[in-house]
Amino acid sequence: MNRYGQSITWGPLSAPRLFTGVTHDYSYRDAVTKQLITDMSADNMAMVLHSQKGEINFEAMVTEGSTDFLDLSAGAAIAVAGIASGVVLARRAVEIWRLGQPKMANVQATHYPHMVQANAVTAGELDAMTPDQADLGLVYPGGKLIYGTHGLGHAAGIVHGLTLEQILQITEDEPSPDGKLLGAASHGYERSIKLDLLATGAAPAVESVLTLTGAPGHASDYRITGVNVQFFTARGKMYAIEAAWIPAFAAA
């Protein structure tokens, strides 16, 4: 890629990357909380700005180098290029398979610029280059990316879409006397799945275990929480399935 004419930053080549892949989007929103103080007439007499933090959103296409996708079950702290001070805590990591599209993944995190790193537990890593598509025969050169939903299977139908989400709750401390966020706790780790199937069999039962073939290890042992049977004009019958997992399931 070469640029001509006006001198601008074009495309996401220079944007920070939260995991290895082909970057599609990156944004950093720096903001403070606005608090209005009113007088006896209920008119605004002062404005207080406090609790500064930055909201980070990152999305990329998964490639053969995406072996460093975030595992939030281990912790929340991550490193982001260009952020040298404070602490960045990831709270959401999502993998998305769609029929006829390359696999995508995205991360949401918060930067606390006034927080000091103290015994922070960092996020782990997992391989997002799944499932194995060695026999697909559509991608040339092969082994560069995950295409569509090939390799994923369910007894009730053909997989048209799968969204696997990791969520980590971040509870912030009260602001310090000078209006800074100095601490936060990560807790309540959960995974959820949204599965779209072209129906070829009976719908799975609510509260049963979701059984997927070819899916990554962190997509197993989920409990089904919802099944939506869908009929459309000029389209096959579909199942939209929702399922959830918590760490206690692994010990059960």
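A charge counts as sitting over a ring if NZ of Lys or CZ of Arg is within 6 Å of the ring centre and within 35 degrees of the ring normal. The close-ups below come from a predicted model.

**View 1. Arg 235 over Phe 232.** Here the charged end of Arg 235 sits over the ring of Phe 232. It lies 4.9 Å from the centre of that ring.

**View 2. Phe 19 meets Phe 69.** Searching the whole structure turns up three aromatic pairs. One of them is Phe 19 with Phe 69, an edge-to-face pair with 4.9 Å centre to centre and 85° between the planes. Phe 19 comes in the segment before β1 (22–38) and Phe 69 belongs to strand β3 (residues 69–71), so this pair ties together parts 50 residues apart in sequence. Phe 19 counts as buried, with 3% relative accessibility, and Phe 69 counts as buried too, at 0%.

**View 3. A cluster of Phe rings.** Take in Phe 58 as well, and you have one aromatic cluster made of Phe 19, Phe 58 and Phe 69.

**View 4. Tyr 189 meets Trp 245.** These two rings have centres 6.4 Å apart and planes at 80°, so they make an edge-to-face pair. Tyr 189 is in strand β9 (residues 184–199) and Trp 245 in strand β12 (residues 235–245), so the pair links distant parts of the chain, 56 residues apart. Tyr 189 has 10% relative accessibility and counts as buried; Trp 245, at 8%, counts as buried as well.

**View 5. Arg 191 over Trp 245.** Trp 245 has another neighbour to look at: the charged end of Arg 191 sits over the Trp 245 ring, 4.1 Å from its centre.

Key. Residues are numbered from 1 along each chain as its sequence is written. This is a predicted model: local features need pLDDT of at least 70, side-chain atom pairs count only at pLDDT 80 or more; totals for chains, interfaces and linings use all residues. Side-chain values use heavy atoms; hydrogens and water are left out. Rings of Phe, Tyr and Trp (its six-membered ring) pair if their centres lie within 6.5 Å; planes under 30 degrees apart count as stacked, over 60 as edge-to-face and the rest as tilted. Helices (H or I, at least four residues) and strands (E, at least two) are DSSP runs, numbered from the N terminus. Buried means under 20% relative accessible area, exposed over 50%, partly exposed in between (1.4 Å probe, protein chains only).
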